[in-house]
Amino acid sequence: MDEPDPTAAYPGHWEADVVLRDGSVAHVRPIRPDDAPRIERFHAAQSPRSIYFRFFAPMPRISAADLHRFVTVDHDRRVALVTTVRDEIVGIGRYDVVDERGPGGGRVAEVAFNISDAHQGRGIGSVLLEHLAAAARDNGVTRFEADVLPANQRMLAVFRDAGYQVSHHLDDGVISVGFDIDPTERSIAVRAAREHRAESLSMRSLLSPRSVVVVGASRDTSSFGARLLGAVIEGGFAGPVHVVNREALELGGTRAYNAVEEVPGPVDLAVVTVPAASVPEVVSQCADLGVRGAVIVSSGFAEAGPEGVARQHEVLRLARAAGIRLVGPNSFGIINTDPEVRLNASVAPRLPAAGGMALFSQSGALGVAVLASADRRGLGISSFLSAGNRADVSGNDAMQYWLDDPRTAVVGLYLESVGNPRKFSRIARQLARVKPTVVVKSWVSGYGVPPGHEVRRSDAPPAAFDAMLRQAGVIRTENLHQMFDVAQVALHQPLPGGDRVAVVGNSPALNALAADACASWGLPLAGEPVAVGSEADAEEFAAALQEVYARPDVDAVVASFIPPLQTGSEDVQLALQRTAHGSGRTTVACFVGPRLVGSPHDGLAAVPAYPLPEDAVRALAAVVRYSEWRRRDSGPLVDPPGVDRRAARRLVADVLADAPEGRDLAREEVVALLACYGVEVWRTVEVQDADGAAAAAAGLGYPVVLKAATLRHRLDTGGIRLSIADEAELRADVAEMQAELGARPDPGAAGDGPPVLLVQHMAGRGVSTVVTTAEDPLFGPIVSFGLAGDAIDLLGDVAHRIPPLTTGDVHDLVRGVRAAPRLFGHGGRPRVDVDALEDVVARVSLLAEDLPQVASLRLQPVHAGTDAVAVLDATARVAPPPTPRADGPRRALLAVP
C-alpha cells in the first residue's frame with residue numbers, strides 16, 4: 001500500500017466527546033503524529049495477552065517503523081481514531097482500505113481495535129467501532145473485515161452486538177468477520193440504547209450525588225455562594241457536605257477547607273460559585289479530586305462576549321478531559337426531592353414539595369419563575385435542572401435521565417434554543433411514549449438565541465420545529481402558564497381514551513363557553529351540555545356527574561361551577577374528586593372565583609381546576625391529542641425495497657470530485673440519483689420546433705403535454721398546453737407558444753434561437769403534489785410535502801418532517817396539509833393512489849437521510865392519479881454538507897453564534 005500523505009487535512013469534524021458505559025466522559029479524535037509518545041505509554045501498560053490479541057505475536061516494544069506507521073495516516077485510505085481520558089490514550093481503532101471496489105462496488109477496509117486493560121468493560125470498543133464506521137462511510141467505505149483470535153471474546157462481542165449483519169468463519173485458527181457498515185434499524189437502535197444507558201447514568205452523579213462540595217461560599221449571606229450552601233444544608237441533603245473557602249474555618253456549621261484538593265474524597269458533585277476567571281482552576285482541581293459532576297452557577301462566560309466564550313471553552317475542555325459532566329455556566333442550579341437524596345443545589349429559597357413532575361429550564365432567571373409557578377399550583381417536583389449556557393448538559397441529557405426515573409411521571413421543558421434538534425426529536429419521542437412531555441419554546445432558529453447559547457444557524461421555517469415536536473409526540477405550549485395547565489391534567493388525570501367531551505355545569509353561560517371552546521379545539525361534544533340548577537349543592541352536582549360518567553360515549557368531562565351563597569367551591573371540588581375518582585374519565589374543572597389548584601385529597605386524585613372554561617378545555621385538548629399520538633402505532637422505519645445506496649453515493653461523490661463546492665445536477669443525473677432509490681422520473685424530450693415536437697410525441701405516445709422549459713410549472717402564464725391529442729394540434733400549439741414566448745428572454749434557449757420546449761406524455765386525471773428535501777445546518781434533512789399551485793404558492797400549505805421517518809410519519813406528512821382532502825375524493829373527485837404517493841415520499845426521505853450532500857431536491861410535479869403516481873420532473877443540487885449531522889456524538893468544539 002502507498003505511504004499515506006502526512007499533510008492530509010485533519011478531519012476535526014470527527015472529534016467527539018462520548019459518554020461511556022459507566023457514565024464518565026471520554027474524547028474520541030483522529031490520531032496525530034504527536035501521539036507517538038502516548039502510543040508508547042499505552043503499549044507499555046498493556047498485558048502480554050492483550051498485545052497478543054491485537055498483533056497475533058509477542059511485542060514487548062513497538063519499533064520505530066511501526067510507531068511511525070501507526071501515527072501516519074491520510075484520513076482516507078488509512079484512518080485511526082483514539083479515545084483519550086485526561087489526554088492519555090485508552091483505546092485505538094483503525095482501518096486500512098484493502099479493496100477499492102468490493103463485491104457491492106464500495107470500498108472494503110480491514111479494522112483493528114486495541115483497548116487499554118485498565119479501561120476494558122467501559123464500552124470503549126463499541127464507541128470506537130461506531131465512530132470509525134461513521135468516518136469510513138464519509139470516505140466511501142461500505143464494508144469492514146477483521147481477523148480475531150477465538151479467545152478474544154470481548155472483541156467478538158463488540159462486533160456481534162453492534163447491530164450489523166456479521167458473517168464469520170474460522171480459517172487457520174483465526175476467526176474472520178465481515179459486515180456491511182450501512183446503518184440498519186438494529187444498529188441504530190443499539191447505538192441509541194447504548195447512548196441512553198450511558199447518558200442516564202452520567203446524570204445520576206449530578207442529580208443523585210453521594211457527597212457535595214460547595215466551592216466559593218462566603219460569610220456574606222446575600223451572596224450566591226452562601227445562599228447555595230444554605231440551600232444544600234437546609235434542604236437536608238442526605239450525604240456529606242463540604243465547603244471550600246480560604247477566609248473561614250467554618251460556614252453554615254460545616255468545616256471550610258482552603259482548597260479543593262484538601263477536601264476528603266470521594267466527592268460526586270461540585271457546586272461552583274467563584275468568579276468566572278477562577279472557574280478553570282477550580283474545575284482542574286475538581287478533576288484531581290475525582291469529582292464526577294459540576295454545577296457552575298458563576299456568570300461571565302459565553303453570555304459575556306468573546307473573552308467569556310474562550311473561558312467557557314477552556315472550562316469545557318478541562319471538564320471533558322477529566323470525564324466531568326458540567327451543568328452551566330450561568331446555571332440556576334439543580335434539585336432532587338427524592339427523600340433518599342434531598343438535594344437543593346440551587347438558589348431556590350427552599351426544597352420544593354416532592355411530586356411527579358420533572359422540570360428543565362435553560363434560563364436561570366426563569367428557573368425561579370418555573371419553580372414558583374409549580375409551587376403555587378401544588379405541583380410536586382421530582383427533580384429540576386437549570387442548564388444555563390448549556391455548555392455540556394442539555395435538555396437531551398435530562399430527558400435521558402427522566403426516561404428511567406421512576407419518580408418522574410410528567411416532564412416540563414422551558415427551551416430558549418435547541419442545539420441538536422435531531423437528537424432532541426429522537427429522545428423526546430422515546431420519552432413521550434411513556435411520559436407526557438410538555439415544551440415551552442421561545443426561539444426556533446439561530447436568530448435571537450439568548451447570549452451564551454451556542455447554536456447552529458438554521459434556514460428552516462418555524463413550522464419545521466413545530467412539526468418536529470408533533471412528530472415526537474411532544475406537547476408544545478405558548479408560555480409557562482399553559483405548560484402548567486397541561487401538566488396538571490397529565491399528572492393527576494388518566495389519559496383520555498378518545499376525544500368525546502361531556503360538559504356539566506350550573507351556569508348556562510359557562511356551559512356555552514365550554515362547549516364553544518371544545519368546538520374551537522376540535523373536540524366533539526358527547527350530547528348537549530348537562531345543566532344543573534344555579535342553586536344546586538355539592539350532592540346534586542355529584543349526581544349529575546355520576547350520570548355522565550356512566551355513559552359509554554364520554555371520554556372526558558369539563559365541569560363548571562359558580563358557587564351560590566350557601567355552597568362553597570371547596571365542597572363542590574371535594575364532591576367532584578370523589579365522583580371522578582375511579583371513573584376512568586379525564587376530568588377538568590372551572591371554578592369561578594378564587595383560583596383552586598385542585599390538589600389531591602384523602603388519596604383521591606386531584607381534578608385540575610381553572611378560572612375560565614377556555615383554559616380548562618385548551619389543556620384538555622392538548623392531552624387528548626397527546627393521548628391519540630401515544631395510542632397510534634408509528635410503525636417501523638421506512639425501508640422500501642429496490643434501494644441502491646452505493647450507486648447513489650458513487651454518483652454524488654463523482655459530482656463533488658468534479659465540482660468540490662457543489663453544483664446543480666443535470667436532469668439525467670437527477671433521474672439516475674432518484675432511480676437509485678426506486679423513484680422513476682417520466683421521460684421528457686427537449687425540442688425547439690414543431691418537427692422535433694412531433695417526433696418526440698410519436699415516441700412518447702399521445703396525448704402529450706407541451707411546456708416552456710422556463711415556465712413548465714406555471715399553468716397560469718401560458719407556458720403549458722395540456723392533453724394534446726394529435727400531431728396537428730401539437731404543431732398548432734408549438735407555433736402559438738413560440739409566438740407568445742418569443743419576446744421573453746429564455747435562459748434555456750441557445751443564442752437567439754426559439755425558446756426551448758419540453759414534450760412529455762400526458763398523465764391522467766389526478767392531483768399534482770410537490771415533494772422536497774433540504775439539508776439544514778441545524779435540523780439536518782427536512783422533508784416537505786404539499787399540493788402544487790395556490791395551496792403552496794399563496795397559502796404556504798406545506799407539511800414538514802425530519803428523517804428518519806417511520807411509516808406513521810409518512811402517513812401523517814401526506815395528511816398534514818390543509819388541502820389533503822383533495823387526495824381522498826373531496827368535492828366528488830376520485831381518490832388518488834395515496835399508497836403509491838406515500839411510497840415516493842418514503843423513498844425520498846431515505847435519500848435525504850442517507851445523503852447529506854444532497855443540499856436540495858425538488859420533485860414537482862408528482863402527479864397522483866387514481867391507480868399510480870408519476871414523477872414528472874425533478875431538480876437537485878449537490879454540495880458539501882453545511883455541518884456534520886447533529887444527531888450523533890457530542891461535539892467538543894462549539895460554534896459561536
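## A first contact

Which side chain meets Arg29 in a salt bridge? Arg29 pairs with Asp35, at 2.7 Å from N to O. A salt bridge here is a side-chain nitrogen of Lys or Arg within 4 Å of a carboxyl oxygen of Asp or Glu. Both Arg29 and Asp35 are buried, a word that stands for under 20% relative accessible area, while exposed stands for over 50% and partly exposed for what lies in between (1.4 Å probe, protein chains only).

Before going on, a word on the model: it is predicted, so local features need pLDDT of at least 70 and side-chain atom pairs count only at pLDDT 80 or more, while totals for chains, interfaces and linings use all residues. Residues are numbered from 1 along each chain as its sequence is written, and side-chain values use heavy atoms, with hydrogens and water left out.

## The overall picture

The protein has 25 helices and 38 strands. Helices (H or I, at least four residues) and strands (E, at least two) are DSSP runs, numbered from the N terminus. Along the principal axes, the C-alpha atoms fill a box of roughly 100 × 95 × 55 Å.

For 897 residues, a compact globule would have a radius of gyration near 29 Å, and the 32 Å of this protein agrees with that. The radius is taken over C-alpha atoms, and the globule rule is 2.2 Å times the number of residues to the power 0.38. Of the 897 residues, 58% count as buried.

The structure holds 50 salt bridges. Arg29 and Asp35 also belong to a network of them, together with Arg32, Asp34, Arg38 and Asp87.

Arg41 forms a salt bridge with Glu88, with the closest N and O atoms 2.9 Å apart. This pair links distant parts of the chain, 47 residues apart: Arg41 in helix H1 (residues 36-45) and Glu88 in strand E4. Arg41 is partly exposed at 43% relative accessible area, and Glu88 is partly exposed at 31%.

Arg194 forms a salt bridge with Glu130, again with closest N and O atoms 2.9 Å apart. Here the partners are 64 residues apart, Arg194 in helix H6 (residues 185-207) and Glu130 in helix H4 (residues 124-138). Arg194 is buried at 17%, and Glu130 is buried at 18%.

Most residues other than glycine have a negative phi, and most peptide bonds are trans. Arg86 has a positive phi of about 55°, and Asp87 has one near 70°. Arg86 sits in the loop between strand E3 (78-85) and strand E4 (88-99), and Asp87 lies in the loop between E3 and E4 too. Arg86 is partly exposed at 41%, as is Asp87 at 40%.

Two cis peptide bonds are also worth a look. One joins Tyr702 and Pro703, with omega about 0°, and Pro703 lies in the loop between helix H21 (690-700) and strand E30 (704-708). Another joins Pro803 and Pro804, with omega about 5°, and Pro804 lies in the loop between strand E35 (799-801) and helix H24 (807-814).

## Inside helix H13

Is Ala467 buried or exposed? With 1% relative accessibility, Ala467 counts as buried. Ala467 is part of helix H13 (residues 462-472), whose buried residues also include Phe465, Met468 and Leu469. Ala467 and Gly816 are 349 residues apart in sequence and 9.4 Å apart in space, C-alpha to C-alpha. After H13 comes Gly473, with a positive phi near 80°.
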